[in-house]
Amino acid sequence: MSEKIFSGKTFLLVTGASQGIGRKIAEVLGSSLDSGSKVLLLARNDENLKETANKLPKTVSVDCGSVDLSKATANDLKGIIKNCVSANDVKQFNEVVIVHNAGSVGDVTQLTTDMTDLDVWRSYYDLNVFSPAVLNGVIMEIFKEKSIKKHVINITSLCGIQPMKSLGFYCTGKAAREMFFKVFAEEYPEVDVLNYSPGPVETDMLQIIANDVGDRDVKASFQDMRKNAKALTTDQTIKRLTEVLLSKKYKSGDHVDYFDE
């Protein structure tokens, strides 16, 4: 990457970095950072996190945090981050970038009238809405120095703005999460906030929807997408993400889709 997205010493945190889009984000953004930068990768699977870490250049320092984000408290998250970067280290960074990628699709077999279990609702929102909100607050508290340029990238979805049958958990979770970051962008105009929708990407999540989604028409659409190789690769969508970040044509808080001009 010839043109730099971030400059100087940068602290990059990527959630859900053990596979799929999160792994590719960590690899591409992490490889673009200046020497002396630090990367913190968070996910549950420690072994897979280490595989991601091995894809990054030796010029940056990489730490892995094996954590269930749906259960981690603010204090837990502070501890993980402070183990990676001390209070004195914080002041040495020019930029901080947090990529909220971790998430799940939820139960795709049910229609909205079947979604009556409060425990299932709470569990889904703990991971997909509450966790990124709490983590975001923790990062802003730790990197509160005004001299540090701050970037927040939320991986959202078309489903956050467009309803889709049998995807009630996923659609509402993405919508709530995106709106949280829109409010955050209004409150903190000095922070660069991007809600990036990566398009349909060939990942485990896409496979789950194609195989298990309850609505027949939605299932046929996703199965056709996979059968005819219409889904994007992680390389394609993260290349587009870097283009969006470099162009800086979006307003902080905007929803930008892979297919947007």
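Modeller: Here is a walk through some of the charged pairs, starting with a link between separate parts of the chain. Keep in mind that this is a predicted model. The count comes to 13 salt bridges. Take Glu202 and Arg226, whose side chains meet at 2.8 Å, N to O. That pair ties together distant parts of the chain, 24 residues apart: Glu202 sits in the loop between β6 (192-197) and α7 (204-212), while Arg226 belongs to helix α8 (residues 216-227). How open are the two ends? Glu202 counts as partly exposed because its relative accessibility is 35%, and Arg226 is partly exposed too, at 29%.

Next come Lys230 and Asp224, with a salt bridge of 2.7 Å, N to O. Here the two ends fall into separate classes: Lys230 has a relative accessible area of 52%, so it is exposed, whereas Asp224, at 32%, is partly exposed.

Glu243 and Arg240 both lie in α9 (residues 234-247), three residues apart, or about one turn of the helix. Their side chains form a salt bridge at 3.6 Å, N to O.

One more to look at on screen: Lys24, Glu27 and Asp235 are joined in a network of salt bridges.

Methods: Residues are numbered from 1 along each chain as its sequence is written. This is a predicted model: local features need pLDDT of at least 70, side-chain atom pairs count only at pLDDT 80 or more; totals for chains, interfaces and linings use all residues. Side-chain values use heavy atoms; hydrogens and water are left out. A salt bridge is a side-chain nitrogen of Lys or Arg within 4 Å of a carboxyl oxygen of Asp or Glu. Helices (H or I, at least four residues) and strands (E, at least two) are DSSP runs, numbered from the N terminus. Buried means under 20% relative accessible area, exposed over 50%, partly exposed in between (1.4 Å probe, protein chains only).
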